[in-house]
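Trainee: Could we go through this structure together? I would like to begin with the basis of the model and then turn to its packing.

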Amino acid sequence: MACSLQTSFLHGLKFHAETALVDKRIRGNGLVSVVCSAEGDHMTAGRSTALVMSPGPKTQLETTTTTTTRKVLITTSNTGKFGRFGGKYVPETLIACLSQLESEFNMVLHDSQFQAELATALRDYVGRETPLYFAQRLTDHYKNKGGGVGPEIYLKREDLNHGGSHKINNAIAQAMIAKRMGRTTIVAATGAGQHGVATAAACAKLSLKCTILMGTLDMERQPSNVTLMNLLGAQVKAVNGNFKDASSEAMREWVGNLETSYLLTGAAVGPHPCPSMVREFQSVIGKETRRQAMERWGGKPDVLLACVGTGSNALGLFHEFIADEDVRLMGVEAAGFGLHTGKHSATLAKGDVGVYHGAMTYLLQDDQGQIVGPHSIGVGMEYPGVSPELSFLKETGRLELYTATDQEALNAYQRLCRLEGILPAMEASHALGFLEKLCPTLPDGAKVVVNCSGRGDKDAPAVFSLTQGSTLPDLPSHTKGIL
């Protein structure tokens with residue numbers, strides 16, 4: 001059965017859909033269904049009668065997650081389906097290519113030689129393992145605000161990886177797969193440029209041609225990463241718009257040369273097996289965190305906290321602990337100017353279920369199903385979709401979902417700079433910003449691990465411009481001054 005659902009790329013072609021005859025789409029205020037017709041090889045979208053969904057119970061913190069009593073029993077999908085999310089909604093011409101990639105991915109997972117080579121690359125090239133750093137002054141800051149009571153805050157220092165972010169974990173692994181498959185050209189899309197830098201570096205190391213697609217708006221906001229990609233030998237192509245537009249163009253470029261090119265995805269979105277591959281290669285973050293926590297305090301973290309753009313860094317930290325129900329998984333989306341303004345990137349909090357870039361997931365869309373442009377001060381969080389696996393974790397209630405505004409992220413960026421001497425990426429600053437609300441609700445001594453997913457050098461000029469040397473009123477006097 002094929003499907004002619006319009007997506008933002010290659011629309012008008014026949015599409016393959018691994019779905020039942022009816023896929024239900026939950027909206028914030030009703031139920032929408034995608035119905036496959038029996039006429040030819042096409043699928044048509046239809047809206048059913050509205051059905052109001054009753055919200056689940058709230059926690060101490062105001063959460064946007066709908067809870068359920070259903071127990072999370074599966075943590076990995078071999079089919080690319082997480083409940084009703086995921087799948088392959090792509091042109092039939094891509095099915096064979098994706099199936100070949102899936103087969104190769106499954107083989108390397110059990111290939112001892114590949115795993116040994118990857119482990120060496122992660123150690124000697126990427127610089128793993130990354131520290132689990134106790135943020136003493138940040139911890140003291142919140143304890144002082146809490147009358148001497150508060151959690152202990154640890155940072156998983158993915159910012160210390162080669163290239164300055166977690167993105168290299170996946171990029172080096174997928175580039176190795178591409179070379180193993182005989183591909184000579186890598187195509188990738190990037191938002192904030194962190195995935196672009198990581199991909200360009202991996203391609204330079206493995207002698208692969210590299211083309212990076214980047215939105216013009218993002219290039220203006222992250223010029224330093226554009227420079228780094230060029231220095232690393234990548235061809236950087238500008239695409240009108242932002243990351244979602246660059247992603248569409250990267251898919252088109254890949255389809256134009258399937259025999260020799262490889263689409264290296266850095267976001268945990270797209271058709272299967274792409275989200276599963278990204279999550280698998282990022283899961284090293286959580287595996288290290290479990291081992292390091294046991295060494296540091298002899299147990300597991302109480303809370304894992306990560307920003308959520310498309311989900312690569314969040315799943316990298318969370319996946320190892322999904323079955324540990326005594327460990328809270330907290331995702332923080334970008335609330336932008338505020339959820340009420342419509343200028344945000346809070347896909348899980350405010351989105352509806354639909355199909356985009358080859359998979360079923362939560363999307364920012366209007367009542368006609370058209371994509372709504374996202375906004376965030378964190379360029380890497382500006383995408384209208386999200387990981388199918390995170391969509392599933394939201395629906396099962398395993399993922400606690402919160403948001404942080406541009407201002408809260410900006411404040412958190414400055415706070416970590418002043419208290420710990422660490423420049424976090426603006427994306428990671430959303431998770432750090434949520435500590436303001438989270439810490440007062442936690443018992444004394446609770447162990448909180450925040451994924452510091454990237455380095456904030458790229459954001460420093462924008463932060464300085466926006467703050468104009470202003471300081472945070474709640475910091476000690478000796479930390480105040482020009483940023």
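This is a predicted model: local features need pLDDT of at least 70, side-chain atom pairs count only at pLDDT 80 or more; totals for chains, interfaces and linings use all residues.

Trainee: At what angle do α5 and α7 pack?

Mentor: Helix α5 (residues 194-206) and helix α7 (residues 223-231) pack at about 10 degrees, with axes 9 Å apart. Axes are lines fitted to C-alpha atoms, for helices over the stretch in contact, and angles run from 0 to 180 degrees between N-to-C directions. Helices (H or I, at least four residues) and strands (E, at least two) are DSSP runs, numbered from the N terminus. The two helices are therefore roughly parallel, given that angles under 35 degrees count as roughly parallel, over 145 as roughly antiparallel, 65 to 115 as roughly perpendicular and the rest as oblique.

Trainee: Which residues of α5 and α7 meet?

Mentor: Gln194, Gly196, Val197 and Ala200 in α5 meet Asn225, Leu228 and Met229 in α7, where contact means heavy atoms within 4.5 Å. These residues divide into 4 nonpolar, 3 polar and no charged. Ala, Val, Leu, Ile, Met, Phe, Trp, Tyr, Cys and Pro count as nonpolar, Asp, Glu, Lys and Arg as charged, and the others, Gly among them, as polar.

Trainee: And α14 with α15: what is the angle there?

Mentor: Helix α14 (residues 406-420) and helix α15 (residues 426-433) pack at about 95 degrees, with their axes 7 Å apart. They are therefore roughly perpendicular to each other. Their contact residues divide into 7 nonpolar, 3 polar and 2 charged.

Trainee: His430 lies in α15. Is His430 buried or exposed?

Mentor: His430 counts as buried, at 0% relative accessibility. Buried means under 20% relative accessible area, exposed over 50%, and partly exposed in between (1.4 Å probe, protein chains only). Beyond four places in sequence, the contacts of His430 include Cys307, Glu333, Ser376 and Asp406.

Trainee: Changing topic, how many residues of β20 are buried?

Mentor: In strand β20 (residues 447-452), 6 of its 6 residues are buried. Lys447, Val449 and Asn451 cover one side, and Val448, Val450 and Cys452 the other.

Trainee: Which strands are joined to β20?

Mentor: Strand β10 (residues 152-157) runs parallel to β20 and is joined to it by 6 bridges, with Tyr154 opposite Val449. Strand β15 (residues 303-307) also runs parallel to β20, through 3 bridges, and Val303 stands opposite Val448. Two strands pair if DSSP finds at least two bridges between them.

Trainee: How many residues are in the largest nonpolar core?

Mentor: That core has 37 residues, and those with the most contacts inside it are Leu118, Ile172, Ile177, Met229 and Tyr262. A nonpolar core is a set of buried Ala, Val, Leu, Ile, Met, Phe, Trp, Tyr and Cys residues joined through side-chain atoms within 4.5 Å. Helix α4 gives the most to this core, with 8 residues.

Trainee: Finally, where is Glu382 found?

Mentor: Glu382 is found in the loop between β18 (359-363) and α13 (388-396). Glu382 is buried, with a relative accessible area of 5%. Among the residues that Glu382 touches are Asp218, Arg221 and His375.

Note on methods:
Residues are numbered from 1 along each chain as its sequence is written. Side-chain values use heavy atoms; hydrogens and water are left out.
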